[in-house]
Amino acid sequence: MNPTIGDIDSQPEHSRSDESDIKKSQDATICVVGLGYVGLPLAVGFDQEGYSVVGFDIDDTKVETLRSGMDTTGDLGNETITESDITYTTDSNEIAHADYVMITVPTPVDQNLQPNLDFIESAGNAVGNHISSDTTVILESTVFPGATREVLVPAIEETSELICGEDFYVGYSPERATPGDPEHGLRDVVKVVGGMNSDVCDDIADLYATVIDAGVHKADSIEVAEASKVVENIQRDLNIALVNELAMAFDSMDMDIDTRAVLEASGTKWNFHHYRPGLVGGHCIPVDPYFFIHRSKQSGYTPRLVEQARTVNESMPAHISNMMIKELNQAGKTLRDSRVLVLGLTYKANVADIRASKVDGIIRQLHEFDIDVVGYDPHGDNNLMHEKFGIPIQEENELSFEAFDGVILSTPHREFYDVDLEDAQSRMNENPVLVDVTGALDAEAVSQADFAYRRV
């Protein structure tokens with residue numbers, strides 16, 4: 001009979017660290033399941049420390065690209081991939097050779113904003129089909145508290161016919177990857193780990209300590225580790241929601257109050273927390289709060305503040321487009337004859353990922369007023385951007401401001417800081433408007449270039 005969730009915690013006598021023949025550090029084989037922006041750096045990190053590493057993914061194209069020595073994330077570099085000894089494969093049989101299996105598959109929310117853990121169940125089933133006894137499975141994907149035991153463990157047991165706590169072991173270590181941020185890579189951020197018991201936790205902590213320079217934090221339980229990840233991003237979501245709401249409120253007061261000037265003044269106090277208004281995109285901050293909301297409501301409590309923060313931040317695209325519409329009207333433009341250039345379509349500066357971008361909300365609102373919208377992004381794939389946003393995309397290295405009435409700087413890629421504002425203004429229609437979502441540009445320089453300038 002399989003142990004219940006409670007039983008798993010009560011079986012330290014079966015932990016890996018009690019086995020006399022446990023493999024030590026670099027003698028272990030590690031299989032990373034899922035080779036996205038989380039899994040690939042993880043695989044590379046362990047490979048660089050001398051482990052035997054298998055990188056498994058169901059995407060044939062991704063695996064072939066990695067085998068050819070090409071970095072699929074854009075953060076590691078092709079040379080890093082070429083120099084690695086990782087075995088990239090779509091053959092799930094390779095899982096059988098692993099001492100540790102690390103699962104880094106996506107965990108999105110569905111159209112009803114409910115957690116979708118289908119990828120975890122599928123990964124668990126695949127691992128279960130090939131897992132060997134005495135293997136430790138570590139989940140890194142973001143989940144609600146309890147999901148490792150309630151979703152992953154049953155999925156593995158279903159196909160393996162093994163018992164968690166007797167035949168295999170589980171732990172949780174939340175990913176903390178920051179794409180496009182070289183200062184906060186795998187080695188630079190403290191790793192939180194939780195195990196099904198203290199011995200498994202110690203074993204996992206020792207494993208990660210070989211690749212994490214910043215140190216390892218042992219959580220009291222798997223559930224604490226799971227909760228820590230969603231809370232990290234809930235806190236950021238709440239703080240950004242506060243300054244976003246301030247920006248919308250100041251804009252409604254019609255007093256010419258610049259939100260960023262207010263925050264600058266407030267920030268002179270030693271204990272003020274510095275956040276700036278803007279779009280909240282990406283795979284973590286706009287998603288993770290819903291995992292917490294879901295689990296909390298299951299227990300009978302509605303976290304209203306967390307829900308309200310999501311509502312505020314999801315309203316920002318409409319607010320930004322309304323700023324442009326208001327400025328076009330004040331400039332005497334006819335909306336249906338106006339053309340707006342959106343600079344930056346990816347979800348974050350200096351990355352190529354458009355999947356979690358919130359810019360589409362701005363575009364949809366402008367289209368509702370029959371405003372013609374064109375996009376430009378030096379990092380995103382033009383075909384994918386055209387398909388996702390449904391607008392013409394200017395070709396890379398062919399940025400043109402010719403005959404536009406307004407510009408929205410939505411994602412502040414490094415390339416945009418070098419734009420000649422006076423030249424851009426001279427090529428646009430009369431009385432051009434510039435809305436700077438992140439406040440990236442120098443306000444005085446924009447005004448000197450004779451734009452009607454607004455920043456969120």
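The structure is a predicted model, in which local features need pLDDT of at least 70 and side-chain atom pairs count only at pLDDT 80 or more, while totals for chains, interfaces and linings use all residues. Residues are numbered from 1 along each chain as its sequence is written, and side-chain values use heavy atoms, with hydrogens and water left out.

The chain contains 16 helices and 13 strands, taken as DSSP runs numbered from the N terminus (H or I of at least four residues for helices, E of at least two for strands). The C-alpha trace spans about 80 × 50 × 40 Å along its principal axes. Of the 456 residues, 51% count as buried (buried being under 20% relative accessible area, exposed over 50% and partly exposed in between, with a 1.4 Å probe and protein chains only).

A nonpolar surface patch is formed by M253, M255 and I257, which together have about 270 Å² of accessible area. Of these residues, M255 lies in the loop between α8 (222-252) and α9 (259-266) and counts as exposed because its relative accessibility is 56%. A negative surface patch comprises E395, E396, E398, E415 and D418. Within this group, E395 is placed in the loop between α14 (382-389) and β11 (406-409), and counts as partly exposed because its relative accessibility is 44%. Patch residues have over 30% relative accessible area and no salt bridge, with like charges joined within 9 Å and nonpolar side chains (Val, Leu, Ile, Met, Phe, Trp, Tyr) within 5 Å; a salt bridge is a side-chain nitrogen of Lys or Arg within 4 Å of a carboxyl oxygen of Asp or Glu.

Technical notes
Areas by Shrake-Rupley, 256 points an atom, 1.4 Å probe, with all protein chains shown as cover. Lys, Arg positive; Asp, Glu negative; His and termini not counted. Charge placed at Lys NZ, Arg CZ, Asp CG, Glu CD.
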